[in-house]
Amino acid sequence: RIESIRANWSPSQRYLRGLLVGGTFCYQSQQILREAGLVVCSNAPLDPANQLAPTEPSRGHTLLDMGDEVFTLGRLHPMIDGSLRRQRMLADFADPSVAVLLLDFVLGFNASLDPVGDVADALAAGQASRPNDAGKVAVVASISGTEGDPQDLDRQTEKLRQAGAHVFGSNARATSFCRDLLMPT
């Protein structure tokens, strides 16, 4: 599976971009990648040397905590409103060096009724807008939720798969898959 994904990449594709709805998963993902020797920039970095201003363009491997107050001040949280995440997604798709896009979705009563539906068209538009010499971006996603959540876990998972995403039941597994994609064999 990993080799077939890499086969769709151009030689310039080498970076991960992650747009996470909160700090906990952002930290967890950074830790997993750091243990593999990958340097990750973030607006909530584990290492202050890798600080990225929230509105600064991504560079190298970047994981953003989209739940940071910079993104939520006077706005709905990204678990409820995916518009800022959509904008950042499209910018990441436009970068020919991006190989992997990591997303997380949290279900529950305090989240959007259709979190995947809120961004699915941006995933399709982003892939379609890739520069001609850029390969396909591998979209990797996790969903935190249960069958009892109002968003319907199976329906959200299926929507992600239809959008071409590789879906995992935990952020740690999704990030580990990203790590495996990025690490040389």
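At 0% relative accessibility, L20 counts as buried, where buried means under 20% relative accessible area, exposed over 50%, and partly exposed in between (1.4 Å probe, protein chains only). The model is predicted: local features need pLDDT of at least 70, side-chain atom pairs count only at pLDDT 80 or more, and totals for chains, interfaces and linings use all residues. Residues are numbered from 1 along each chain as its sequence is written, and side-chain values use heavy atoms, with hydrogens and water left out.

L20 belongs to strand β1, which covers residues 15-20. Helices (H or I, at least four residues) and strands (E, at least two) are DSSP runs, numbered from the N terminus. From L20 to R161 the separation in sequence is 141 residues, and the C-alpha atoms are 18 Å apart in space.

L63 sits in strand β3, residues 61-65, and is buried at 0% relative accessibility. L63 and P115 are 52 residues apart in sequence, with 19 Å between their C-alpha atoms. F105 is part of strand β4 and is buried at 1% relative accessibility. The C-alpha atoms of F105 and Q156 are separated by 9.0 Å, while the two residues are 51 residues apart along the chain.

Strand β4, residues 98-106, also contains D104. D104 has a relative accessible area of 0% and is therefore buried. What does the side chain of D104 meet in a salt bridge? Its partner is the side chain of R85, at 3.2 Å from N to O. A salt bridge is a side-chain nitrogen of Lys or Arg within 4 Å of a carboxyl oxygen of Asp or Glu. Because D104 lies in strand β4 and R85 in helix α4 (residues 83-94), the pair ties together parts that are 19 residues apart in sequence. Both D104 and R85 are buried. A polar atom of the D104 side chain also lies 2.9 Å from the backbone nitrogen of V21.

The structure holds 9 salt bridges. Side chains of opposite charge can pair when their charged atoms come close. One of the salt bridges joins R86 and D121, with the closest N and O atoms 2.4 Å apart. This pair links distant parts of the chain, since R86 is in helix α4 and D121 in helix α5 (residues 117-128), 35 residues apart. R86 is partly exposed, with a relative accessible area of 24%. D121 also counts as partly exposed, at 45% relative accessibility.

Another salt bridge is formed by the side chains of D114 and K159, at 2.6 Å from N to O. D114 lies in the loop between β4 and α5 and K159 in helix α6, so this pair ties together parts that are 45 residues apart in sequence. K159 is partly exposed, with a relative accessible area of 25%. Elsewhere, R17, D92 and D95 are linked in a network of salt bridges.

Helix α6, residues 153-162, also contains E158, which is partly exposed at a relative accessible area of 39%.

D152 counts as partly exposed, at 32% relative accessibility. Its backbone has a positive phi of about 65 degrees, although D152 is not a glycine.

The last stop is helix α2, residues 23-35, where S29 is found. S29 is buried, with a relative accessible area of 0%. The side chain of S29 makes a polar contact of 3.0 Å with the side chain of N171. A polar contact is a pair of N or O atoms within 3.5 Å; within protein, one must be able to donate a hydrogen and the other to accept it, and residues adjacent in sequence count only if both atoms are side-chain atoms. A polar contact of 2.7 Å also joins the side chains of S29 and T175.
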